[in-house]
Amino acid sequence: MNELNLPSFDVKIRGTREKPEILDFLRRRYVALTPEEWVRQHFVHWLVDHKGYPKGLLGNEVALLCGDKTLRCDSILYDKEAKPLMIIEYKAPTVAVTQRVFSQISTYNLLLHVDYLVVSNGLQHYCCKMDYERQTYVFLNDIPSYSAL
């Protein structure tokens, strides 16, 4: 797998060379090791281990119902009242972070109305703080620590 712009962690991999799996410590099970999953696991470990995000308030592959269609958020951070606070969208390191990615995460936010949107391909990370009063957003220089949210 590609080296990322994220700290390493104690990666647990099993399976075969053709079908490797990585332990998702939030879902407590092994999942297919894809380039996007490699980014997700590094990112959530970084949030928990280095940014102080509580593991119990993060969820991976969260289903959203939109009429008869089911959407899946890559990760969601909840507040202590179980209200969504942040949506995180991952892409493989070979996928550029473009307007299309921000449009995708914005679609999820129409349903969730969170304070923060985060996009990462493991090499580049972007965080927007939403300002619903002014109907705008501000890009932050860094992903905030949990205590700063």
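This is a predicted model: local features need pLDDT of at least 70, side-chain atom pairs count only at pLDDT 80 or more; totals for chains, interfaces and linings use all residues.
Trainee: What makes Asp-10 and Lys-12 a salt bridge?

Mentor: Their side chains come to 2.8 Å, N to O. The cut-off is within 4 Å, so the pair qualifies. The structure holds 10 salt bridges.

Trainee: Why is Asp-10 called exposed?

Mentor: Its relative accessibility is 57%, and exposed means over 50%. Lys-12 is at 36% and therefore counts as partly exposed, as that class lies between 20% and 50%.

Trainee: What makes Arg-27 and Glu-37 a salt bridge?

Mentor: The value for Arg-27 and Glu-37 is 3.5 Å, N to O, and the limit is 4 Å.

Trainee: Where in the chain do Arg-27 and Glu-37 lie?

Mentor: Arg-27 is in the loop between strand E2 (20–24) and strand E3 (29–32), while Glu-37 belongs to helix H1 (residues 35–51). The two are 10 residues apart, and the pair links distant parts of the chain.

Trainee: Are Arg-27 and Glu-37 buried or partly exposed?

Mentor: Arg-27 has 21% relative accessibility, so it counts as partly exposed. Glu-37 has a relative accessible area of 5% and is therefore buried, the cut-off for buried being under 20%.

Trainee: How do you know that Asp-74 and Arg-40 meet in a salt bridge?

Mentor: Their side chains are at 3.8 Å, N to O, and a salt bridge needs a value within 4 Å. Asp-74 lies in strand E5 (residues 69–78) and Arg-40 in helix H1, so this pair ties together parts 34 residues apart in sequence.

Trainee: Why are Asp-74 and Arg-40 called buried?

Mentor: Asp-74 is at 4% relative accessibility, so it counts as buried. Arg-40 has a relative accessible area of 2% and is therefore buried too. Through shared partners, salt bridges join Asp-24, Arg-27, Glu-37, Arg-40, Glu-61 and Asp-74 into one network.

Trainee: How do you know that the span of helix H2 agrees with its number of residues?

Mentor: Helix H2 (residues 99–112) has 14 residues, which at 1.5 Å a residue should span 20 Å. The end C-alpha atoms are 20 Å apart, so the two values agree.

Trainee: Which residues of H2 are buried, and why are they said to line one face?

Mentor: The buried residues are Val-101, Phe-102, Ile-105, Tyr-108, Asn-109 and Leu-112. Down the axis of H2, its buried residues fall within an arc of 120°, so they line one face of the helix. The face turned away from that buried side carries the exposed residues Gln-99, Arg-100 and Leu-110.

Trainee: What follows H2?

Mentor: His-113 does, and its phi is positive, near 55°.

Conventions
Residues are numbered from 1 along each chain as its sequence is written. Side-chain values use heavy atoms; hydrogens and water are left out. Buried means under 20% relative accessible area, exposed over 50%, partly exposed in between (1.4 Å probe, protein chains only). Helices (H or I, at least four residues) and strands (E, at least two) are DSSP runs, numbered from the N terminus. The expected span of a helix is 1.5 Å times one less than its number of residues. The arc is that of the directions from the helix axis to the C-beta atoms.
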